[in-house]
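I opened this model to look up two things.

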Amino acid sequence: MSEVRSEAEYSEAEYVEAELIDGEPESDADENEGQGDDESSPDAASPDSTNDDSADFDSTLLDTQAIDVVEIIESDPGARVLEEHVAEQEWTREFVVEDEPGEDPGPAPDVVDAPPEPRIQSLPMVKALNAGLRRALADDPRVLLMGEDIGPLGGVFRVTEGLQKEFGPQRVMDTPLAEAGIIGTAIGLAMRGYRPVLEIQFNGFVFPGFDQITTQLAKMTNRHGGKLAFPVVIRIPHGGHIGAVEHHQEAPEAYFAHTAGLRVVAPSTPHDAYWMIQEAIRSDDPVVFFEPMSRYWPKGEVDLVENGTPLHASRVVRTGTDATIVAWAGMVSVALRAAELAAEEGRSLEVIDLRSLSPVDYGPVIASVQKTGRLIVAQEAPGNVSVGSEVAATLAEKAFYSLEAPVLRVSGFDVPFPPANLEELYLPDADRILEAVDRALAY
């Protein structure tokens, strides 16, 4: 039964499982022999004994069959209504009703093939991630999902909705509220050949498991001389723009990108989310997979057949000639908005989606800076000792003679994430990016 009922509702309803009846039942005379008309007998006490239609029931019409669980609901005082959930509930047992000897079953019904699934679908990122996880579960029995409330609830953001019902609780597992335990368990499962995919409810909740990730998971392959692989994927909601509180809107990617032995990626579109989660699961190295919460719900086209961009490749998402903007995760959409506004003023901005934060694919970034001569790095995380800092320093080394202005960074401020009503002041927006573009073009 797909519907979830509270304990209070269960206490108000009775559930009766009808027995399987084989062949013809015994006659009424045999059943009632020696019972007389005593009102205390089970027949007399049965609610069905008051039904005048019961006398007309022909027991010879019964055949071997199974009856679904019947829910008895108190509809009003003194009355009881039987509601048979044939369409909504699962059968209580498997059964086969065989045809009577000599009976012609008639022509077999025509089998109508389901229409093929469209190759291109418009999906929000949560649905794209759900589809990617479903495909990974179906393709590889070693894939397991673990996390807090990811089973019947489908997770806080419903990314895993319906997957436990489809693949069972042994492959989509609800866990205790213990991130260190979740990650430690996943390490053991990976050592036994499984490919666990973990969900951390919110970005700030990952820190209780930080020791397991950075001092254990990231080091285990080297610790065993490369003889063991640890294909663990840790899914973490990323960034702000959802009006939440502290520990719910942070961007902690620098901690993990700094840690040797971890791969760190961050999709910005539903298409990338669909393909990158599958590629991350296939990786034999641990992958920290950041999912921008601000992009969970906007829809985008997803090609379910072909993916042209590898997991750790950067990609130019808008071409331009005057300046280059590098961003990732939720900031990509903000950078694109800034480029649209700049175009209205006659300025051409190129936008690059970094996609992978460790390792970083610098090729498209260097090529772009060689063309535009200017670089702005935009991120939601604080700017001090950040991924943006590393990108700026690397481009200063690798494209120094192409730069016509200093590399500029647009980031969150170097303070703890503020209350929700101040997030718009804290998080970079298109205006802050355009202000940095103005400064770069002024050189």
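I took helices as DSSP runs of H or I with at least four residues, numbered from the N terminus. Axes are lines fitted to C-alpha atoms over the stretch in contact, with angles from 0 to 180 degrees between N-to-C directions.

The model is predicted: local features need pLDDT of at least 70, side-chain atom pairs count only at pLDDT 80 or more, and totals for chains, interfaces and linings use all residues. Residues are numbered from 1 along each chain as its sequence is written, and side-chain values use heavy atoms, with hydrogens and water left out.

**Helix pair.** I looked up α10 (residues 331-344) and α14 (residues 430-441). They pack at about 60 degrees, and their axes are 9 Å apart. α10 and α14 are therefore oblique to each other (under 35 degrees is roughly parallel, over 145 roughly antiparallel, 65 to 115 roughly perpendicular, the rest oblique).

Which residues meet? From α10 I listed Met331, Val334, Ala335, Arg337, Ala338, Leu341 and Ala342; from α14, Ala430, Ile433 and Leu434. Contact means heavy atoms within 4.5 Å.

**Aromatic rings.** I paired rings of Phe, Tyr and Trp (its six-membered ring) with centres within 6.5 Å; planes under 30 degrees apart are stacked, over 60 edge-to-face, the rest tilted. The count comes to 14 aromatic pairs. In one, Phe400 and Tyr401 have ring centres 5.3 Å apart and planes at 85 degrees, so the pair is edge-to-face. Phe400 is exposed at 51% relative accessibility, and Tyr401 is exposed at 81% (buried is under 20%, exposed over 50%, partly exposed in between, with a 1.4 Å probe and protein chains only). I also noted one aromatic cluster of Phe157, Phe202, Phe205, Tyr296 and Trp297.

Definitions and conventions: Helices (H or I, at least four residues) and strands (E, at least two) are DSSP runs, numbered from the N terminus.
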